[in-house]
Amino acid sequence: MSHLLFGTSQLTEDGQLKIGGCLATDLAKTYGTPLFVYDVAKIKEMARGFKQTFTELAVPHKVMYASKAFSCQAIYQLLAKEGLGFDVVSAGEIYTALSAGVSPSDLEFHGNNKTPDELTYAINEGIGTIVVDNFYELNLVAEIAEAKQQTQQILLRVTPGVDAHTHDYILTGQEDSKFGFDVKSGQADQALQQALTHQSLQVAGVHCHIGSQIFDTAGFTAAAERMMALLIKWREAYDYTATILNLGGGFGVRYTETDTPLPPQDYVTHVVSEVKKLACATDYPLPIIWIEPGRSIVAEAGTTLYTIGSRKDVPGIRKFVAVDGGMGDNIRPALYQAKYTGLLANRALEPATETVTIVGKYCESGDRLIESIDLPHAEVGDLFAMLTTGAYGYSMANHYNRNPKPAVVFVEDGQSKLAIRRETLVDLIMLDQQL
């Protein structure tokens, strides 16, 4: 069972799960369930894994945490101390990062339909970089910056036509995508020419993102090759030299035993090698390489603790075991058919005696967290730990059935600290207006 655990997570001799030196049962008693538990040491390990490899290779770089994976003040503060910048995708993420003390120069603003209000807010706050996604936005950013007599640094997001091996909903680098300027059709060329005519814009470089949950380096290497080919072409055709090459994120993590992700060092090494090779061959000044790991920094560090309640055994068909959360705190299984694994946090070393389906408490038949898992016989009040839930769990949490969102706690060296308090019933009606 211990081979499923990451970071500081371990099992005691009597089968109790410990994370960051804290017993899961103690955390559940203190903070209640459902509860997101983040292993701070694991987050630091992953962040440093990306940065250290760039440093060892002596390559100019910037690691931007893709905060859509998990956004709160505490994670911004933690990763800022590790020297990371931040990829933000809404006014809400910008506000959260700034309120946590992050410098606006360390933010880059993404999104395929940023509103005029969001862009105005970002430019007013002095955000470091805006990743421009389309022609409408290109003109809008230029107009806002010009009206404020400012120069705004931008990257042009392009779709390089790389089809990564992942779920269709999280493919973003192929030509048939809502994101970015297409290279093959000539849109990217047109975008560069148009951007260079605006004195209020500083076109620092290009950005691409080929997808998420990718387990090999081939897609990233192909993207690096195509992006460098584009930059080399632009230097010849438009006398333009980029200073930044942002190759996005999408590095895979292990949700189940069938997932085989590579360590951060492997992804970085292959990308750097390809960029260096092409830059050297064409005498192109080596651009600053940016990457955007999000899931890969926080996913494996996260564990969700649930209390087991009712069960329904359908003879010869299925055994349903219900927990006190579900699709309200983790919609990925319903949305993506995402696979997870887990264990009984209070009886992990007992032999498995049954195969069950872990379901939630929400009023949907599709509210299934794990379709099939072997466990000891689960009793009312047992504590179920669902593993690798640190990314896109809390950030996609919702109020379906008017359930409050869970609490989030950070653990390290035997100490726990509340990062996000549990919502109350009063919180649920704070925005309501009575007639």
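How far apart do the C-alpha centres of domain 1 and domain 2 lie? Keep in mind that we're looking at a predicted model here.

## Two domains

The answer is 36 Å, taken between the C-alpha centres of domain 1 and domain 2. The domain assignment builds domain 1 from two stretches, 10–39 and 299–429, while domain 2 covers 110–292.

## Where they touch

So who takes part in the contact? Domain 1 brings 10 residues and domain 2 brings 8 residues. Interface size is often stated as the accessible area lost when the parts come together. For domain 1 and domain 2, about 780 Å² gets buried between them, and 60% of that sits on carbon and sulfur atoms.

On the domain 1 side, Glu 300, Tyr 336 and Thr 388 lose the most area to domain 2. Together they make up 49% of what that side buries.

An open sheet is made of 3 strands, lined up in the order 1-2-3 with antiparallel pairing.

Strand 2 (residues 17–19) pairs with strand 3 over 2 bridges, in the antiparallel sense. If you want a spot to look for, Lys 18 stands opposite Leu 23 of strand 3. In general, strands of a sheet pair through backbone hydrogen bonds.

Methods. Residues numbered from 1 in each chain as written. Predicted model: local features only at pLDDT ≥ 70, side-chain atom pairs only at ≥ 80, totals over all residues. Heavy atoms only, no water. Domains from an automatic or database assignment. Contact = heavy atoms within 4.5 Å. Buried area = accessible area lost by both parts, 1.4 Å probe. Pairing = 2+ DSSP bridges. Helix = DSSP H or I, 4+ residues; strand = E, 2+ residues; numbered from the N terminus.
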